[in-house]
Amino acid sequence: MSVVSSFSCPQARFSYMRMKYLFFSWLAVFIGSWIIYGQYSTYTELCRGQDCKKIIMYLGVWGNLQGVVKCQMEQAPHLDFGTELEPRKEVVLFEKPTRGTTVQKFKEMVYSLFKAKLGDQGNLSELVNLILSVADGNKDGRVSLPEAKSAWALLQLNEFLLMVILQDKEHTPKLMGFCGDLYMMERVEYTSLYGISLPWVVELFIPSGFRRSMDQLFTPSWPRKAKIAIGLLEFVEDVFHGPYGNFLMCDTSAKNLGYNAKYDLKMVDMRKIVPEMNLRELIKDRHCETDLDCVYGADCRTSCDQSKMRCTSEVIQPNLAKACGLLKDYLLRGAPGEIREELEKQLQSCVALTVTANQMEMEHSLILNNLKTLLWKKISHTNDS
């Protein structure tokens, strides 16, 4: 027995070490392959011309008004749509329309849509006229039936509506064109506020705390971060009680924000920025047991009325507080010592903002302006400003 034991023990140890080595070698190759694939796919498969062609042909043949494909503008010259479309199966919006009835009916439909989404505002007619000018894709001064159908499909999407409303604002991607419910927006060089993109398999093995710390290593220099942060604060101003009502940011994660080569903030994904009136209708009277049941997106929360077991319609946290929560670690890491204490104090006050606070709008404006002033003073003399 002693002979067998002395022989089998080293052999078992050797076998274990070999299996351990093979496993970690395989894991390293697997993770490396995923990283390479992730980088490749995000660069080349963001918008393939052939895929866009197939989708447009499908829309043309079947009149399908569902789904969205966003193409980066740099791919547009490579799209070859051809002429091999079969006769289109019409989607009926208007009965035997003439040009006049098409425009009038379209205006009435758009007005009703905006009244439901934005509330009964005095300047809705102005917004309808803005939509008519955008819907006139070939700029011939008239809105045809195909143009009306295309615009109507896109107006169901909050992102498209925001791009139209904020088309003159610096931090909203420019709308480059549309066809059916496919639309093109300007290219944004950096498509996340910070961090590094990893395959989902790798993400499973990384603790969330370590992931946050790792993300902060992959950021621009502090003056450039300050400029990007100012851009986010300016965007919050743009959607806060703008000319067509208040819009709520319901997913303020880093992946929805980007910036260009000059470090000007650009919104990458605005699908979860919704009109306040629209959100109230979506969430009010929803059955709930706790406040956790009264959430839209990731960040728009209301409270649960325990006496009625229904969600209330008043959102608890304003956009500015959510933006400051995202910016807190981002700005404090590497912040100059002479402003760090004041910056942290202002960010804490900003995060603590609530919609129900007395004089919230005054506090909102004061905190936002103080933050912008503090950051601008520190970077205004640098090349990064």
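R271 is exposed, with a relative accessible area of 52%. Here buried means under 20% relative accessible area, exposed means over 50%, and partly exposed is in between (1.4 Å probe, protein chains only). R271 forms a salt bridge with D269, and the closest N and O atoms are 2.6 Å apart. D269 is buried, at 17% relative accessible area. A salt bridge is a side-chain nitrogen of Lys or Arg within 4 Å of a carboxyl oxygen of Asp or Glu.

This is a predicted model, in which local features need pLDDT of at least 70 and side-chain atom pairs count only at pLDDT 80 or more, while totals for chains, interfaces and linings use all residues. Residues are numbered from 1 along each chain as its sequence is written, and side-chain values use heavy atoms, with hydrogens and water left out.

Stay with the charged pairs. Side chains of opposite charge can pair when their charged atoms come close. The salt bridge count comes to 10. One of them joins D140 and R142, at 3.8 Å from N to O. D140 is partly exposed, with a relative accessible area of 37%. R142 is partly exposed too, at 41%.

Another salt bridge pairs E338 with K378, with 2.1 Å between the closest N and O atoms. E338 lies in helix α12 and K378 in helix α13 (residues 360-379), so this pair ties together parts that are 40 residues apart in sequence. Helices (H or I, at least four residues) and strands (E, at least two) are DSSP runs, numbered from the N terminus. E338 counts as exposed, at 58% relative accessibility. K378 counts as partly exposed, at 22%. Elsewhere, salt bridges link E276, R280 and E314 in a network.

Now the cysteines. How many disulfides does a search of the whole structure find? There are four. A disulfide is a pair of cysteine sulfur atoms within 2.5 Å. Number the bonded cysteines of the protein in sequence order, and the pairing reads 1-4, 2-5, 3-6, 7-8.

Take C250 and C300 to begin. Their sulfur atoms are 2.0 Å apart. The angle about the S-S bond is -90°, and the link is left-handed. C250 sits in the loop between β4 (247-249) and β5, and C300 sits in strand β9 (residues 300-301), 50 residues apart. Both C250 and C300 are buried.

C288 and C304 form another disulfide, with sulfur atoms 2.1 Å apart. This link is right-handed, with 85° about the S-S bond. The pair links distant parts of the chain: C288 is in the loop between α10 (276-283) and β8 (295-296), and C304 is in strand β10 (residues 304-305), 16 residues apart. C288 is buried, at 0% relative accessible area. C304 is buried as well, at 9%.

C324 is joined to C350, S to S 1.9 Å. With 80° about the S-S bond, the link of C324 and C350 is right-handed. C324 and C350 are both buried.

Next, the rings. A pair of aromatic rings is described by the distance of the centres and the angle of the planes. Rings of Phe, Tyr and Trp (its six-membered ring) pair if their centres lie within 6.5 Å; planes under 30 degrees apart count as stacked, over 60 as edge-to-face and the rest as tilted. The whole structure holds four aromatic pairs. F160 and Y183 have ring centres 6.0 Å apart and planes at 65°, so this pair is edge-to-face. F160 lies in helix α6 (residues 158-165) and Y183 in strand β3 (residues 182-185), so the pair ties together parts that are 23 residues apart in sequence. F160 is buried, at 2% relative accessible area. Y183 is buried, also at 2%. Ring pairs link F160, F178 and Y183 into a cluster.

Y190 and Y259 have ring centres 4.7 Å apart and planes at 20°, so they are stacked. Y190 is in the loop between β3 and α7 (200-204), and Y259 is in strand β5 (residues 257-259), 69 residues apart. Y190 is partly exposed, with a relative accessible area of 39%. Y259 counts as buried, at 8% relative accessibility.

Lysines also meet rings. A charge sits over a ring if NZ of Lys or CZ of Arg is within 6 Å of the ring centre and within 35 degrees of the ring normal. K225 lies over the face of Y330, at 5.4 Å from the ring centre. K272 lies over the face of Y296, at 4.8 Å from the ring centre.
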